[in-house]
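Colleague: I'd like to learn how to read disulfides in a model. Could you walk me through them?

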Amino acid sequence: RKNEKHICVFWDPELEGGAWSTRGCITVRSSADQTVCSCYKLGSFAVLTALHDTGVCMLNFCQKGS
């Protein structure tokens, strides 16, 4: 999808009882079929997908509102 954004994250239990965090993870490359992440921490990882502009900031990742 044209406006789809893939975000690499890890589960950080130190954030307000636990939350997905982008701190320490980068998206190396992303396509419609795959996303490659690089993270320096050990733990649980995920790729979050924003299907449209959310106007939300998540730690070091922001999507601008239109």
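Modeller: Happy to! A disulfide is a covalent bond between the sulfur atoms of two cysteines. Here the term covers a pair of cysteine sulfur atoms within 2.5 Å, and a search of the whole structure finds 2 disulfides. This is a predicted model, where local features need pLDDT of at least 70 and side-chain atom pairs count only at pLDDT 80 or more, while totals for chains, interfaces and linings use all residues. Residues are numbered from 1 along each chain as its sequence is written, and side-chain values use heavy atoms, leaving out hydrogens and water.

Colleague: Which residue does the disulfide join to Cys8?

Modeller: Cys37, with an S to S distance of 1.9 Å. Cys8 lies in strand β1 (residues 5–12) and Cys37 in strand β4 (residues 35–39), so this pair ties together parts 29 residues apart in sequence. Strands are DSSP runs of E, at least two residues, numbered from the N terminus. The torsion about the S-S bond of Cys8 and Cys37 is about -75°, so the disulfide is left-handed.

Colleague: And is Cys8 buried or exposed?

Modeller: Buried means under 20% relative accessible area, exposed over 50%, and partly exposed in between (1.4 Å probe, protein chains only). Cys8 is buried at 3%, whereas Cys37 is partly exposed at 31%.

Colleague: What about Cys25 and Cys39?

Modeller: Their sulfur atoms are 2.1 Å apart and form a disulfide. Cys25 belongs to strand β3 (residues 25–30) and Cys39 to strand β4, so the link spans 14 residues in sequence. With an S-S torsion of about 120°, the Cys25 and Cys39 disulfide is right-handed. Cys25 is buried at 8%, and Cys39 is partly exposed at 26%.

Key:
Helices (H or I, at least four residues) and strands (E, at least two) are DSSP runs, numbered from the N terminus.
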